[in-house]
Amino acid sequence: MSRNRTAAHKGHQKKKEGEGRSCIRYRCGLTNTIQDILNHRPGWVEVKEDGEWDFNWCDVGWLRENFDHSYMGEHMRICHFRNHYELTRKNLMVKNLKRYRKSLERESGRLEASKCDFFPRTFELPSEYHIFVEEFKRNPGSTWIMKPDGTRSEEQKEEAQVESYVAQRYIENPYLIADVHLTNVAVQKTAPDYDPEKGCKWQMHQLRRYLTAKHGLDTVQTLFKEIDNIFIRSLLSVQKTIINDKHCFELYGYDILLDQDLKPWLIEVNASPSLTASSQEDFDMKYRLLEDTLHVVDMEGRLTGKEKRIGGYDLMWNDGPVYKDDGLEALGGSYLIANTHLG
């Protein structure tokens with residue numbers, strides 16, 4: 001029996017014996033904003049690597065090596081699902097979305113299935129090489145981005161095996177702000193005029209305000225509804241695939257690109273979005289995000305289960321769409337408004 005399994009089992013036994021816990025013991029494998037949050041959370045105490053824990057914020061490497069060998073008591077929580085990669089590896093994400101779209105078309109028709117048309121044309125190579133070539137020939141001059149699919153272990157990389165790649169069509173008409181195509185901080189911070197104090201990120205309400213001023217309220221409301229649709233449809237596509245373990249939760253990072261027609265495209269989903277702050281404003285935003293995440297996980301047992309909003313989190317789906325309580329009355333009826341405050 002591994003140390004992790006033993007430690008978890010002991011913690012479970014203590015709870016069952018009614019000894020209770022005067023604090024929440026946490027283990028954290030990262031040294032960024034989440035560590036700051038956990039250090040300052042009342043009643044939470046950090047334990048050493050082999051200590052007994054109630055809450056574990058680990059990286060995916062630790063999960064892969066230890067999850068299957070650990071016994072977790074009823075109260076314990078960990079920050080990844082066992083097979084989170086069904087959504088966070090691009091090849092599997094696209095595979096699940098394609099399968100979900102086909103099932104929608106079969107059950108509800110093409111119009112409903114078209115609501116999943118939010119990811120670029122994507123192929124897995126070499127298995128879909130011939131299909132990719134046909135698509136490439138149909139669109140001469142198009143640009144494609146290729147990246148390893150990340151499925152090979154270190155041992156496999158040393159062997160003479162054909163590596164798998166994901167080829168995804170590049171969105172050639174990205175939305176520009178001041179004639180600039182926004183990328184990520186890792187790229188932008190190399191620019192000679194980059195200001196680390198100001199950073200280069202906008203909060204969602206800033207983006208929404210800018211877009212509303214340029215394109216009008218109705219257009220922007222439609223855009224954000226389509227972004228909400230991406231969140232819901234992508235999660236529904238893996239609902240029956242990801243192992244449903246009540247000990248697990250996940251903070252996903254969605255990479256969404258807008259084109260010049262204000263259509264949102266899902267590029268990928270990250271299981272470990274960066275929690276390292278690039279500016280004070282970025283730190284404040286991530287601090288609030290992580291604090292709200294811990295409120296949702298609710299190790300302290302404060303929630304009733306009836307909440308529709310916790311901090312900046314909105315309950316959008318509960319075996320069906322969730323709506324705001326304050327529907328707009330019109331012509332003797334009411335409009336159902338999705339329970340989302342994005343931006």
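This is a predicted model: local features need pLDDT of at least 70, side-chain atom pairs count only at pLDDT 80 or more; totals for chains, interfaces and linings use all residues.
Two or more lining residues come from each of α5 (90–108) and α11 (217–237), and α11 gives the most, with ten residues. By class, the lining of this pocket has 16 nonpolar, ten charged and six polar residues.

The protein chain has 343 residues, 39% of which count as buried, and it contains twelve helices and 13 strands. Of the contacts between residues at least 6 apart in sequence, 61% join residues at least 24 apart.

The structure holds 15 salt bridges. One of them joins Arg-25 and Asp-54, with the closest N and O atoms 2.7 Å apart. Arg-25 lies in strand β1 (residues 24–28) and Asp-54 in the loop between β2 (44–46) and β3 (55–57), so that the pair links parts of the chain 29 residues apart. Arg-25 counts as buried because its relative accessibility, 14%, is under 20%; Asp-54, at 0%, is also buried. Arg-25, Glu-52 and Asp-54 are linked in a network of salt bridges.

A further salt bridge is formed by the side chains of Arg-121 and Glu-135 (3.1 Å, N to O). Arg-121 lies in the loop between α6 (110–113) and β5 (122–125), and Glu-135 in helix α7 (residues 129–138), so the pair ties together parts 14 residues apart in sequence. Arg-121 is partly exposed at 40% relative accessibility, whereas Glu-135 is buried at 8%.

Note on methods
Residues are numbered from 1 along each chain as its sequence is written. Side-chain values use heavy atoms; hydrogens and water are left out. Helices (H or I, at least four residues) and strands (E, at least two) are DSSP runs, numbered from the N terminus. Buried means under 20% relative accessible area, exposed over 50%, partly exposed in between (1.4 Å probe, protein chains only). Contact means heavy atoms within 4.5 Å. Ala, Val, Leu, Ile, Met, Phe, Trp, Tyr, Cys and Pro count as nonpolar, Asp, Glu, Lys and Arg as charged, and the others, Gly among them, as polar. A salt bridge is a side-chain nitrogen of Lys or Arg within 4 Å of a carboxyl oxygen of Asp or Glu.
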